[in-house]
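Here is a short briefing on one protein structure. Look over the sequence and model first, then read on.

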Amino acid sequence: MKKFFAWGNDLHSGRRSIPFVPKTKLWLSIAAVVLVASVIVPLVNGFNFGIAFTGGSEFHVANTSETDETIGTEAITSMVPGAEPNVVPTSDTSLRITTDQLTDDEMQQVRESLVAAYEVDNEDVTSTFVGPTWGQDVTEKMIRALVIFVAIAMVVMALYFRTWKMSLAAIVGLFVVMIVTMGIYATLGFEVTPEAMIGFLTVLSFSLYDTVVVFDKIRENTDDYESNRRMKFSELVNLGVNQTTVRSINTSVISVLPIGAILFIGVALLGAGTLTDISLSLFIGTIVAAASTLFVASPFYAWLRSREDAVQEQEQLVDETRERLGLPDRAPVLFEDEELAKAERAESARA
């Protein structure tokens with residue numbers, strides 16, 4: 001733990017530096033590859049949408065001493081051969097079973113078959129039907145909420161930072177979180193439910209919060225950068241990211257640990273359900289969001305600004321200052337580097 005604190009102090013002081021900005025092309029190239037894969041996988045495999053999105057029939061079995069999925073599958077396919085049921089234990093004594101849309105007669109037959117297969121009372125097996133129209137309505141509302149959220153976030157970020165480039169970089173990081181998380185869900189076959197979408201929207205808020213914390217420090221470091229002759233603009237941005245790295249890690253760990261505990265309890269003790277769906281999307285999204293802020297949003301912002309004439313001129317002047325003073329082409333430790341101060345004093349003495 002002491003080494004971690006020492007490492008964090010070194011990052012904050014500038015004695016150590018993770019090359020977030022110097023290796024912008026590397027990080028953005030990796031992000032681009034991951035994004036492409038996250039888009040291709042859903043196109044090939046598709047998403048495992050829950051019944052709320054697809055519609056169908058759902059059965060709940062309670063107070064059973066046996067939660068073997070095979071029993072439920074055989075009980076349903078014996079009545080409706082093409083049903084393709086999805087049996088998921090929700091606790092040690094209950095299960096949830098979803099199928100494609102069944103007729104009223106088929107639902108009654110399946111219900112009776114489940115009662116016999118799991119040896120429970122009639123009232124322990126309940127059935128519901130979700131129509132495709134309702135599922136479509138849920139999908140439309142989800143997309144509408146997502147579009148509104150992103151639009152408001154763009155406007156608020158632009159007003160807060162007073163620059164559209166920071167807003168754009170933050171939104172790019174946000175889209176990376178969205179697409180990569182969806183790619184993970186499609187790759188691993190996790191079920192997409194309304195509860196998972198609630199957790200997903202919560203993750204987007206966390207992603208923006210983490211980005212705002214990092215960008216605030218970057219803005220503080222780059223304030224009046226035009227007159228700075230000790231550090232380049234890109235070095236100031238990289239310093240700001242490094243100074244908030246430990247905070248981002250700590251915030252993410254503090255967030256992930258309780259979510260992981262809830263996820264473990266949901267899976268190991270309570271079985272699949274609302275708690276598991278929400279915590280799973282939070283768990284995956286929080287990790288992706290932390291990585292996106294450090295390795296995508298911040299380097300992308302530095303790349304956007306690097307194309308400005310004022311930034312290029314400032315960095316050229318810093319290079320000239322270092323060359324004149326005979327200093328290596330590297331960023332000083334914060335703004336009090338002894339080597340730079342000594343060279344400046346020597347130049348003053350010669351003058």
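Which residues are linked in a network of salt bridges? They are Glu-58, Arg-96 and Glu-191. The model is a predicted one. The points below start with that network, then turn to a helical pair, the nonpolar core and a charged surface patch.

**Salt-bridge network**
- Seven salt bridges turn up in a search of the whole structure.
- One of them joins Arg-96 to Glu-58, with the closest N and O atoms 3.9 Å apart.
- This pair connects distant parts of the chain: Arg-96 sits in strand 4 (residues 94-99) and Glu-58 in strand 2, 38 residues apart.
- Arg-96 and Glu-58 are both buried.
- Arg-96 also meets Glu-191 in a salt bridge, at 3.4 Å from N to O.
- Glu-191 belongs to strand 6 (residues 191-192) and Arg-96 to strand 4, so this bridge ties together parts that lie 95 residues apart in sequence.
- Glu-191 is buried, as is Arg-96.

**A pair within helix 8**
- Lys-217 and Glu-220 form a salt bridge through their side chains, at 3.4 Å from N to O.
- The two are separated by about one helical turn, because Lys-217 and Glu-220 are three residues apart in helix 8.
- Is Lys-217 buried or exposed? Lys-217 counts as buried because its relative accessibility is 18%, and the cut-off for buried is under 20%.
- Glu-220 has a relative accessibility of 53% and therefore counts as exposed; the cut-off there is over 50%.

**Nonpolar core**
- The largest nonpolar core holds 52 residues.
- Phe-215, Ile-218 and Tyr-301 have the most contacts inside this core.
- Five elements are listed as giving two or more residues to the core: helix 6 (132-161), helix 7 (164-188), helix 8 (194-222), helix 9 (233-270) and helix 10 (274-306).
- Helix 10 gives the most, with 12 residues.

**Negative surface patch**
- Glu-66, Asp-68, Glu-69 and Glu-74 gather on the surface as a patch of negative charge.
- Where is Glu-66 found? Glu-66 is in the loop between strand 2 (56-61) and helix 4 (69-77).
- Glu-66 counts as partly exposed because its relative accessibility is 39%.

Conventions:
Residues are numbered from 1 along each chain as its sequence is written. This is a predicted model: local features need pLDDT of at least 70, side-chain atom pairs count only at pLDDT 80 or more; totals for chains, interfaces and linings use all residues. Side-chain values use heavy atoms; hydrogens and water are left out. Patches are made of residues with over 30% relative accessible area and no salt bridge: like charges are joined within 9 Å, nonpolar side chains (Val, Leu, Ile, Met, Phe, Trp, Tyr) within 5 Å. Accessible areas come from the Shrake-Rupley method with a 1.4 Å probe; for residues, only the protein chains shown count as cover. A salt bridge is a side-chain nitrogen of Lys or Arg within 4 Å of a carboxyl oxygen of Asp or Glu. Lys and Arg count as positive and Asp and Glu as negative; His and the chain ends are not counted. The place of a charge is taken as NZ of Lys, CZ of Arg, CG of Asp or CD of Glu. Helices (H or I, at least four residues) and strands (E, at least two) are DSSP runs, numbered from the N terminus. Buried means under 20% relative accessible area, exposed over 50%, partly exposed in between (1.4 Å probe, protein chains only). A nonpolar core is a set of buried Ala, Val, Leu, Ile, Met, Phe, Trp, Tyr and Cys residues joined through side-chain atoms within 4.5 Å.
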